[in-house]
Amino acid sequence: MKNDIIKFLDLKGSDIEITDIQINQTNCTKKVYLEHKLSPHFCPNCSYRMHSIGPYIRTVNHPILQDGLALKLVLKQRRWKCQNIECGLILTDHFSFVEKYRRNTNMSDILIVDAFRDAEMTVSQIAGKFNVSPSHALNTFLRYVDMPKRQLTEAISVDEVFLGMGKDKKYALIIMDFITGEPIDMVQSRRKADTLPYFSNIPKKERDKVKYLISDMYRPYAKYIDDYFHNAVHIVDSFHVISLINRKFDAYMRSVQRKIAARDRENHERLEQELGRRIDFTPSREYYLLKHYRWTILKSEKNLKSFGWKYDTKLRKEMSLTDYQNALYAIDPNFKEMQRLKDKYIRFNDKYAGNPKAAVAPLRLLISEYRNSGFVEFEELAATLTEFFDPIINSFIMVERLNVETGRSFTSRLSNGPIEAVNRIIKDMKRNARGYQNFNNIRNRFLFSQRANAAVLAVPKTLKQIELFRGNSRTVSKSLTLKRKPKGKIITATKRRIKRNHRQYVK
């Protein structure tokens, strides 16, 4: 047991010895008593002999559990005084694994910071794991972690995520390296008032390296090419185009569903008037199909292959995928034609990956067919596809990507898929923490958790630097200046309370 503890604390070859070990099964703790071996001490100033004037006992926590028990170290630190009257220097024994005035060993900071790499853990969970307060865990993270912006690469993705940190700061801008799938930076807002100074401060030489800018169809993103990335081409992610087509089709089906619901309500009220009493309202078969099974014609063909037979308790018969689709076509014949137009774009999108030149003519024919379809929804889609014609064609370009974990490269189509997955992580972080009030905290945590082997600061920050960084000094109130004397001395909250208690004691 002693050998394990010596190994944990790296005490081998030192003059520190274990004098006692006490186990408390009730509190699930193990106390280890440590002290320096007695040896002659000489004053470093005058070389006089020093004598012990009594021990100073302190208890510190060690983050590593041993045998399922929390390890507490009881340190006996002897105080030594120089016997030279003119010197009188007093020294205290020092233990290398714990700093002065700390309640946890130095390893606690390393493990606390490393725990923040898991984006699913909250600050409270990390604090509970290491038996510290949430404020201490967060301050430790901010002392050691200050994530810088990374260099822009050949292909970058941009997208927004909702944070809701103010009227003008609702959506944060995420910038990701498409090659590695790791985030480059996170900007507090996607508004031009914030993005203009941010991108303008990036050297032009670095911005000119960008060849591909991948985004959705948010129009201000397209202007980034003219404003900041003059050597890049705009790519509209294919997922967002297909999603737009599905939304238009679904909007039409919902409008039909609302008309049928209104019709059913009118028929129900008419029947109640004829019978002269109230009866239970039962939606029609058409409404039931549109509400629960319109996905059978909204989803693409390849995502419907696993659909088999099932007994529908509402319709009281066995139904297959084709049965549901035919039942929906019977409600409105336009559904079948609109589904055909939707699936035609999906097949076009899958066919020309890696061959953008060959996709030009088919896309023009598809736009013409949408424009002449007679459906308002697809006429609007034709206008959108025309507006983003070149960015959509550019989305068929294939590039070499790198798997950071395995170090292997692979070919992939330009897409915003990786950044959409990362945005989900930010939303989960926000939900688990029940919201963030400080942007620097969520930015630091997000970049630290999503970058492989993210480095920590060699020299940790001070609490005063953290206070300025966070812009909120509530959790480091000991350094708050409450009153300033004429001579310039600072009275902190703790000192002021001690002086007040002292005056009451004297009285």
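This is a walk through a predicted model, from the whole chain down to single residues. Because the model is predicted, local features need pLDDT of at least 70 and side-chain atom pairs count only at pLDDT 80 or more, while totals for chains, interfaces and linings use all residues. Residues are numbered from 1 along each chain as its sequence is written, and side-chain values use heavy atoms, with hydrogens and water left out.

Start with the whole chain. The protein chain has 20 helices and 17 strands. Both are DSSP runs numbered from the N terminus: helices are H or I with at least four residues, strands are E with at least two. Of its 507 residues, 42% count as buried. Buried means under 20% relative accessible area, exposed means over 50%, and partly exposed lies in between (1.4 Å probe, protein chains only). The chain exposes about 29200 Å², and carbon and sulfur atoms supply 50% of that. Areas come from the Shrake-Rupley method with a 1.4 Å probe; for residues, only the protein chains shown count as cover. Among contacts with a separation of 6 or more, residues 24 or more positions apart account for 59%. A contact means heavy atoms within 4.5 Å.

Now the interior. Nonpolar side chains tend to be buried together in soluble globular proteins. The largest nonpolar core holds 46 residues, and Phe335, Tyr345 and Tyr370 touch the most other members. Such a core is a set of buried Ala, Val, Leu, Ile, Met, Phe, Trp, Tyr and Cys residues joined through side-chain atoms within 4.5 Å. The elements giving it two or more residues include helix 9 (238-275), helix 13 (334-351) and helix 14 (360-371). Helix 9 provides the largest share, nine residues. Beyond its neighbours within four places in sequence, Tyr345 is in contact with Val241, Ile242, Ile245, Leu363, Leu366, Tyr370, Leu385 and Ile392. Apart from this core lies another, of 35 residues, among them Phe130, Phe141, Ala172 and Ile442.

Helix 4 (residues 134-144) is mostly covered: eight of its 11 residues are buried. It packs with helix 2 at an angle of about 85°, with the axes 9 Å apart. Axes are lines fitted to C-alpha atoms, for helices over the stretch in contact, and angles run from 0 to 180 degrees between N-to-C directions. The two helices are therefore roughly perpendicular, a label for 65 to 115 degrees; under 35 is roughly parallel, over 145 roughly antiparallel, and the rest oblique. Helix 2 contributes Asp109, Ile112 and Val113 to the contact, and helix 4 contributes His136, Ala137, Thr140, Phe141, Arg143 and Tyr144.

Helix 2 (residues 106-115) also carries Ser108. Ser108 counts as buried, because its relative accessibility is 2%. Not counting residues up to four places away in sequence, Ser108 touches Asn61 and Pro63.

Strand 8 (residues 171-177) holds Leu173. Leu173 is buried because its relative accessibility is 0%. Its C-alpha atom is separated by 8.4 Å from that of Asp185, 12 residues apart along the chain.

Cys28 sits between strand 1 (16-24) and strand 2 (29-36). It has a positive phi of about 55° although it is not a glycine. Cys28 is partly exposed, because its relative accessible area is 39%. Ser47 is in the loop between strand 3 (41-42) and strand 4 (49-66). Its phi is also positive, near 70°. Ser47 counts as exposed, because its relative accessibility is 56%.
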